[in-house]
Amino acid sequence: IENVTMTIGSGEFMVFLGPSGCGKSTLLRMIAGLEEIDGGEIHIGDRRVDALPPSEREIAMVFQNYALYPHMSVRENMSFGLQNIRMPRDEIARRVAAAAKTLELEHLIDRKPGQLSGGQRQRVAIGRAIVKEPKAFLFDEPLSNLDAGLRVRTRIEFAQLHQRMKTTMIFVTHDQIEAMTLADRIVVMNNRKIEQIGTPMEIYNRPASRFVAAFVGSPSMNFLPVQQISDRDGKVLVRLPDNSEIQTNIVSSRVPDDGKVTFGIRPESVKVSATGAISGKADVVERLGERTLAYVRLADNSVLIAEDEGQSNLNVGDQVRLDIDGASAHLFDARDVAYSAA
């Protein structure tokens with residue numbers, strides 16, 4: 001991990017987002033004290049903690065693997081850590097009862113983990129962290145072992161839990177939908193470095209780099225090579241390889257004049273339209289109910305993902321015309337730095 005500097009606000013829900021191997025879990029483990037740092041400082045509240053053992057950092061961590069004791073009940077699993085530090089019994093009972101109520105586990109309090117669903121076991125693991133009453137919760141890909149439907153429900157429970165508790169939470173995931181729906185702010189990481197920090201919509205609307213633009217958004221942003229750029233009234237006019245021209249809202253003076261730029265546009269800004277200026281052939285048609293995605297091959301053999309209405313009559317092999325909203329376009333230079341409309 002190189003040159004990482006950030007401040008996470010009290011009560012903030014911060015998500016570390018990136019592909020496998022980018023360093024997000026390592027960064028989380030550094031905060032927890034499970035990995036030593038060889039430079040810099042870590043502060044939690046008004047204390048410097050990088051020299052302290054994990055038990056003294058006033059944090060609680062929930063792992064991808066729930067690691068519940070199978071022979072213990074929900075109540076015993078949540079209270080075990082507090083018993084180890086010899087906390088008074090009445091205080092343990094109070095904390096466990098409060099956590100069970102917060103997580104809606106009261107009716108399951110005497111069951112064993114084997115009698116619980118995956119989502120319920122995850123809530124018990126969170127409850128075990130809550131009873132510590134930490135200054136911050138650290139979550140390391142806690143939803144990745146759940147099936148798709150359960151992930152959605154548990155994601156909603158995470159959001160509701162944060163709203164109720166108002167406690168600082170740091171959440172690691174490779175799933176950009178989890179990041180977009182849960183985070184107050186997102187730290188996008190790639191190759192052991194931070195690419196961008198911002199709110200979900202800042203990340204989505206104004207990506208700092210081509211990596212961020214490609215990684216955040218489903219389906220990914222379209223990228224097309226640019227044949228030529230020119231200036232029109234102070235804004236960039238782009239000519240694509242099929243000789244179509246797109247007027248953007250990007251200030252010309254900000255973009256490198258070496259001409260080595262790539263054009264980026266999100267699929268929702270490319271519409272199937274009978275009057276569109278760009279033509280191509282539908283290679284693939286994905287019907288998603290509320291919208292239809294068309295993968296359209298242009299004259300130069302490049303492919304654009306476009307949106308059509310949910311009840312679209314479009315079929316594979318049809319000739320298609322596309323209307324591109326140039327005001328939503330992005331440009332990327334040879335170093336993959338992004339340029340967006342002001």
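**Note on the predicted chain**

1. Charges. The chain carries 41 positive and 45 negative charges, and their mean positions lie 5 Å apart. Lys and Arg count as positive, Asp and Glu as negative, with His and the chain ends not counted. Each charge is placed at NZ of Lys, CZ of Arg, CG of Asp or CD of Glu.

2. Basis. This is a predicted model, in which local features need pLDDT of at least 70 and side-chain atom pairs count only at pLDDT 80 or more, while totals for chains, interfaces and linings use all residues. Residues are numbered from 1 along each chain as its sequence is written, and side-chain values use heavy atoms, with hydrogens and water left out.

3. Overall make-up. The chain has eight helices and 20 strands; these are DSSP runs numbered from the N terminus (helices H or I, at least four residues; strands E, at least two). Its C-alpha trace spans about 75 × 50 × 30 Å along the principal axes.

4. Of the 342 residues, 46% are buried, meaning under 20% relative accessible area with a 1.4 Å probe, protein chains only. Among contacts (heavy atoms within 4.5 Å) between residues at least 6 apart in sequence, 62% join residues at least 24 apart.

5. Largest core. A nonpolar core is a set of buried Ala, Val, Leu, Ile, Met, Phe, Trp, Tyr and Cys residues joined through side-chain atoms within 4.5 Å. The largest one holds 44 residues, and Met-78, Ile-126, Phe-139 and Phe-171 touch the most other members. Helix H4 (residues 118-130) gives this core its largest share, five residues.

6. Second core. A separate core of 27 residues includes Val-255, Phe-263, Ile-278 and Ala-329.

7. Strand S16. Seven of the eight residues of S16 (residues 291-298) are buried.

8. The hairpin of S15 and S16 has three residues between the strands, and Gly-289 takes a positive phi near 95°. In the hairpin of S16 and S17, four residues lie between the strands, and Asn-301 in the turn has a positive phi of about 80°.

Technical notes. Buried < 20%, exposed > 50% of the residue type's maximum accessible area, 1.4 Å probe, protein only. Pairing = 2+ DSSP bridges.
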